[in-house]
Every structure is written in C-alpha cells, then in structure tokens.
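Subject: Handover of a structure and findings

Dear colleague,

Please find below the structure that I am handing over to you. My findings follow it, grouped by region.

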Amino acid sequence: MISSPTPISSSRPKYRADVDGMRALAILSVLFFHAYPTSVPGGFIGVDIFFVISGYLISSIIFRGLTLGTFSFFDFYARRVRRIFPAVTVVLVGSFLLGFYFLTPYELVDLVRESPYAAFFLENWRLYVTTGGYWETATELQPFMHFWSLGVEEQYYIFYPLICFLLWKLSPRWFLASLCFMLLVSLGLCLYDTQNEPVRAFYSLHSRFWELLIGGVLAYVELKWPDYKKVSLKQDSIDNVLSLIGIGLIVLSIIFFEEGVGFPGWRALLPTVGSVLIIAAGGKAYLNKYVLSNRILVFIGLISYPLYLWHWPFICIFKNNLAGETPSGLLMVLLIAASFLMAYITYTLVERPLRSHKANWQLVITLFFVLLLVSVGSKFAVRKSELVEQWLFSDVPQKVQIDRRELPNSERKDAMCVNKFGDQSMFCRTHGETPHMVIIGDSHARFMWLNDGKQPINTAFYLVANDGGFIFEDAYRKTREDGYADAVKQIWEALRRDSEINTVILRGYWGSYLRETFVSEKNNNWTVEEKFINHWRHVFSELERLNKKVILILDNPPYPNGSLSRCVPLQRIRLLPVVNECTFDYTSIDEEHVKAKAILEKEAKSWSNVTIIDLEKIFCKNGKCMVTSGDQIYYRDEDHLSTDGNKLVWDFILSKLSH
C-alpha cells in the first residue's frame, strides 16, 4: 500500500476551481475551432486537454480508493453512468428534434442509425472503420462525430480501473514504473500510427491512452510525494513558472497547429504536457488563481461536458442544412448562444440533480435502459416501421423517394446472371434474352439499373456490380477485404469462358481508385497512380485478347459540397433559397476525378477495341455542371446519378452503340 506523509480522509480529490477553468479553456478551444476554424486553427487540441484532466481526476479517485482500501468497482462505474448517460440521452433526443426540422429525412435516418454508436462509446471505432478521417468533409457533416472523444474516454474508464487494481495487488513498489511503461508504449504506438495509420492514430484508445495516463502519473506523484516541488527555490516561483510554460505550450498549439497535419504524434505532447504543468502548478499559482479560477471560466468549466455534447449538433445540423457551408454571422452567434443555453439547462435540470442521487443498481439500470430505448429503439423504429418511414418521408418529392429506394436483396440477383457470373457479386441482373453485352462496375454501374423498373434500352444486357469494389483482378482496397476479390475473379472467369459476350461496358467511380492506397498482388511497391495505370493496361490488354469490344464510361463529375439539399428542397425548414436550375463549377471537382479521367483518356487511345464515353459532355457546359434542370433531378447524392441522370447516360450510350 502507498504510504503518505499526510493522511487521506476521502477517496475524492479536493475540488480545484482552476481545473474547471482548464475545462473552460478546453471546451472554448474546441467550440471556436468548430465555429470559426480559420481563426482558431489548432482549437481541436482542446480534446487533448480534456483527456489529461480526465486522466488526472479519475486516477486521483482510483488511487485514493486503493490507498484507503475503499475502492469499489460498482461505485466507480455507477458514478460514471450517473455522470455520463443522462446528458447523452438528452442530447440525442434534442438532436433528433433538430434533425427532424433542419435535416433531410435521409440525413435524419443516418443520424438515428448512428446514435447507438455515440450512446455506447463506439463512435471512434465507427469513424475509423467507415470514414477517411476526422478532417474529411463527409466526417464533418456527421452531427455525432464529436462523440469519438467520449468513446476514447469511456473505453479508458472501462479498462483502466481494472489494470490499476491488478497492478496494485501485484506490486505496489513497481506501480509507478508500470504506469510509466504503459505511457511510453502508448506514446510509441501513437508516433508509429501517426506516420503509418493516421486515422487509427487519431481515433484509437491505444494511441490516446498515454494522454490520459500522463495525468494519472501526476496524480500518483502528488499522492505519494505531496512535497515533490519543495526545493531550494520558493515553491510559488516554481508553480508560477510551471503554469506559464503550460499555458504557453497550449497557446502555441492553438495558434500554430493545423488540422490534419501529423496529429496526434509528437505534436500532441505540447497540449498534454502543457496541461500537466498547469495542473501541477496547483491552485495557488498566479495564473491558476486569478485567471483560470475566474468565476466566468469556472462556470463554463462546470457546464463544459453538456456544452461539448450540444455545440456540434447545433453547428453541424445547420451546416448540413446549408449544404456543407459553415454557418456564419448572426446565425453562428445564435447557435453558440443556443449551445450555452442548452448546456446550462442540461447541467441544472438533468446532470446536477442526478449526480446528487445515490448511485445504486436501480438508478444505473434505469439510466441504461432509457439510453438504450432512445438510441437503439429509435434506430429499430426507422429501420423496421413503415409507418415511421412514411411519416419521415411524407414531404419528399416522389421521384427522389424512388431514387433513394434500395432494391431488396431478392431483387438484386437473378438465376440467369448468377449462372453466368457467379454468386459472389452483390448485384447481378439480366435484362432481355441471350445478352451479348455486360455492364461491370461498382455502385455507379449498379444505379444504371433504374429503380423504377423501366430499363430504357431494348438491347439485352447483364449488369454485374459490387459497391465500392474494383474491376481489377489481383487488387483490392485495404479497407474492403470482404469477398469482392472473389467476385471479380468470377467475373473475369466468365468473360474468358463465354465468347458470346462481345461487348463490355465499364462504369465506376474511377476517381476513388486514386483516393486511397490499395493492395496490388501484381506489384504492391507501385505507387497508387502506378497501380492504377498498370491494372488498367491489364484490363484493356486482356479484353483485347478475348476479342471484346470495350465501352469505357468516364465518370460523371462528383458534386462538391456533399449535399443534394443545395439543389432540392428536402428539409422541413430550409435556409437556402430554391433555384430552378442548380449547377456547380467544374473547377470545384476533386483532383482525383480529374487525374483519373486524364489517365484513362490517354491509356484508352492505345487500344483499338476501346471506345470512350465521357459523361461530362452530358452534364457540363461552359464550365458549369448540372445537378437539376426544371423538374429533372440528375443526382441522387454527391457522386451517384439519379434515374433522370442515368436515363441521359443510357441515351448517350445508345447513340454511341448505334454508330
């Protein structure tokens, strides 16, 4: 057991107003980074300040409890449930209500489906698996994205007490050394992942563990050696120096760090070490006593948890309503004010009253099931209830509803196509009798099978597609090793086996091939661009050898800004004006699309059996690309075409086939 020069009468650490002031600094950094990202470029480091504070306070509770022999796992976890769950429940319900009025029904459904991950601390892993990173536009349009940090903290709370308990029982003498060893291992993993797997580094517990643990090490030192700062110099001089250095490191991070640049990595040392130094300085240091303990900052610190939960749904939901544009001017001021108001109400009427209740089994179970009902129950309702679906989508134009309808699994394949191309592809349909033509690709190809069932072509064809999959043999995405490689092998085997198929139409989201590193079994040392070029050469060469006519469809330009709602009124309350003809500038198209098109145009010219169909000729003219025109809606989302758009594509293909 730890021996301390001063008796410990309580397992709860002494309240420090300056720590609440640090919470205020953390939440204000994050809030203003989200509200005014160019003005506060490094404000995202507020999350790292939170991590250090949480690690310090939680460790203080655990270590004191272990010292006194009063530590209780039930008491610890019950207090966390009582602290965390009520505010999360209120914010989920409030976000659903905001989303009902200001999001499109499709965005609202996505929000509800995301809620269980946010509610039960898995948002960080969901984002790691499904997105390209915190800084991506698609991620920034998800109202529960900020729950990733809560996920890291709660996962830490799950494992950390058990680790400490076991280490304590195993060897109290080596306890601090064990903490430092875990800290260094986690920091090493963080540095490695930041260089090699930056998305994993950002979201994962193992690469953030050290940020919480660094506060834990300080908590242990203060408990074991409360006079550790007493040396020859005056203690208050040391405290003031520590505090000033700490705030300096944090301010430097906020001013000079940029989003998406090598973070966390070594850069995370600045805000975390800075936070530790401020805490170590103690409540009597000048900066801590007269600035961080200021009543206004302490008040903001007290409501910092609900303020963190509320601010991003407000900003993000209105950002979605504005088609990806960050709210500005008076609207942003009102959203910040609303965040503070709801945070204060949540703290006063929900968080504080429930924290005063005794943490017993009945309360824990009640809070758990209420949150389960709000999140999982809502998700189940929007997925399974036709009545709820009709209610949500009642104001959406009929043609948009048809476009967004996903075909049931029973309609995605037919026996004739499966007998020809195998059963591994997710979509395999036959149109007409004895087809001599096949369309191969990803979801961009799949949507050429029109959802209204009226295929605008008399020519028989097969359509074989795998959403997010490649058409290349011996290549696959690192994040999608889910059987698509087998599906592609079956497709190519069918092409080699069946001489009756004389025309192959290739349709896909070619720009996405250049957006991420993919595995090539031909030569994985090639760059992404070299893999792209060499695998396409293999496609053209093999199809020429098989005597197939190839129609290569150069993809439609992806719609920037990430939201169809800029052009089509889908929300119940819409902040953008409705325009009769909606377009976007060609110059705003992402560079991967432009590069892929240039490569394919150049490569295709070398093959006499390849005909190019450039969809930009349909949708773009004089530097502008159409999204809508009159009652015609050409896109179903930012890169997939609608029924109207694919009908134009079919007309264009037929005009080329007739020549």
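Ser-186 has a relative accessibility of 4% in this predicted model, and because buried means under 20%, Ser-186 counts as buried. The residue belongs to helix 8, which covers residues 175-196. Apart from neighbours within four places in sequence, Ser-186 is in contact with His-206, Ser-207, Arg-208, Phe-209 and Trp-210.

The charged end of Arg-208 sits over the ring of Phe-202, at 4.7 Å from the ring centre. Phe-209, in turn, is a member of one aromatic cluster together with Phe-71, Phe-73, Phe-76, Tyr-77, Tyr-156, Tyr-157, Tyr-160 and Phe-165. A further charge over a ring is found at Phe-100, where the charged end of Arg-572 lies 4.0 Å from the ring centre.

Aromatic pairs

How many aromatic pairs does a search of the whole structure find? The search gives 58. Phe-71 and Phe-76 form a tilted pair, because their ring centres are 6.1 Å apart and their planes stand at 50°. Both Phe-71 and Phe-76 are buried. Trp-536 and Phe-540 also form a tilted aromatic pair, with 5.4 Å from centre to centre and 35° between the planes. These two residues, Trp-536 and Phe-540, lie in helix 24 (residues 528-545), four residues apart, which is about one turn of the helix. Trp-536 has a relative accessibility of 0% and so counts as buried; Phe-540 is buried as well, with a relative accessible area of 0%.

Packing of helix 24 on helix 25

Trp-536 and Phe-540 are also part of a contact between two helices. Helix 24 packs with helix 25 (residues 591-604) at an angle of about 35°, and the two axes are 11 Å apart. The crossing of helix 24 past helix 25 is right-handed. On the side of helix 24, the residues that meet helix 25 are Glu-529, Phe-532, Ile-533, Trp-536, Arg-537 and Phe-540. Helix 25 contributes Lys-595, Ala-596, Ile-599, Leu-600, Glu-603 and Ala-604 to this contact. By type, the residues of the contact divide into eight nonpolar and four charged, with no polar ones.

Residues that meet others from elsewhere in the sequence

Tyr-308 is placed in helix 15 (residues 304-321). Its relative accessibility is 9%, so Tyr-308 counts as buried. In sequence, Tyr-308 and Leu-28 are 280 residues apart, yet their C-alpha atoms are 9.0 Å apart in space. Leaving aside neighbours within four places in sequence, Tyr-308 is in contact with Ile-27, Val-30, Val-47, Phe-50, His-146 and Ser-149.

Ile-457 is found in the loop between helix 21 (443-446) and strand 3 (461-465). Ile-457 and Gly-432 are separated by 25 residues in sequence and by 9.5 Å in space, C-alpha to C-alpha. The contacts of Ile-457, neighbours within four places in sequence left aside, are His-431, Met-437, Trp-650 and Leu-654.

Backbone features

Most residues other than glycine have a negative phi, and most peptide bonds are trans.

- A cis peptide bond joins Phe-263 and Pro-264, with omega of about 10°. Pro-264 lies in the loop between helix 11 (235-256) and helix 12 (269-281).
- Asp-474, a residue other than glycine, has a positive phi, near 60°. Asp-474 is in the loop between strand 3 and strand 4 (475-477), and its relative accessibility of 27% makes Asp-474 partly exposed.
- Asn-622 is not a glycine, although its phi is positive, at about 55°. The loop between strand 10 (620-621) and strand 11 (624-629) holds Asn-622, which counts as exposed at 76% relative accessibility.

Yours sincerely

Methods. Residues are numbered from 1 along each chain as its sequence is written. This is a predicted model: local features need pLDDT of at least 70, side-chain atom pairs count only at pLDDT 80 or more; totals for chains, interfaces and linings use all residues. Side-chain values use heavy atoms; hydrogens and water are left out. Rings of Phe, Tyr and Trp (its six-membered ring) pair if their centres lie within 6.5 Å; planes under 30 degrees apart count as stacked, over 60 as edge-to-face and the rest as tilted. Buried means under 20% relative accessible area, exposed over 50%, partly exposed in between (1.4 Å probe, protein chains only). A charge sits over a ring if NZ of Lys or CZ of Arg is within 6 Å of the ring centre and within 35 degrees of the ring normal. Contact means heavy atoms within 4.5 Å. Axes are lines fitted to C-alpha atoms, for helices over the stretch in contact, and angles run from 0 to 180 degrees between N-to-C directions. A crossing is left-handed if the near helix is turned anticlockwise from the far one by less than a right angle, and right-handed if clockwise. Ala, Val, Leu, Ile, Met, Phe, Trp, Tyr, Cys and Pro count as nonpolar, Asp, Glu, Lys and Arg as charged, and the others, Gly among them, as polar.
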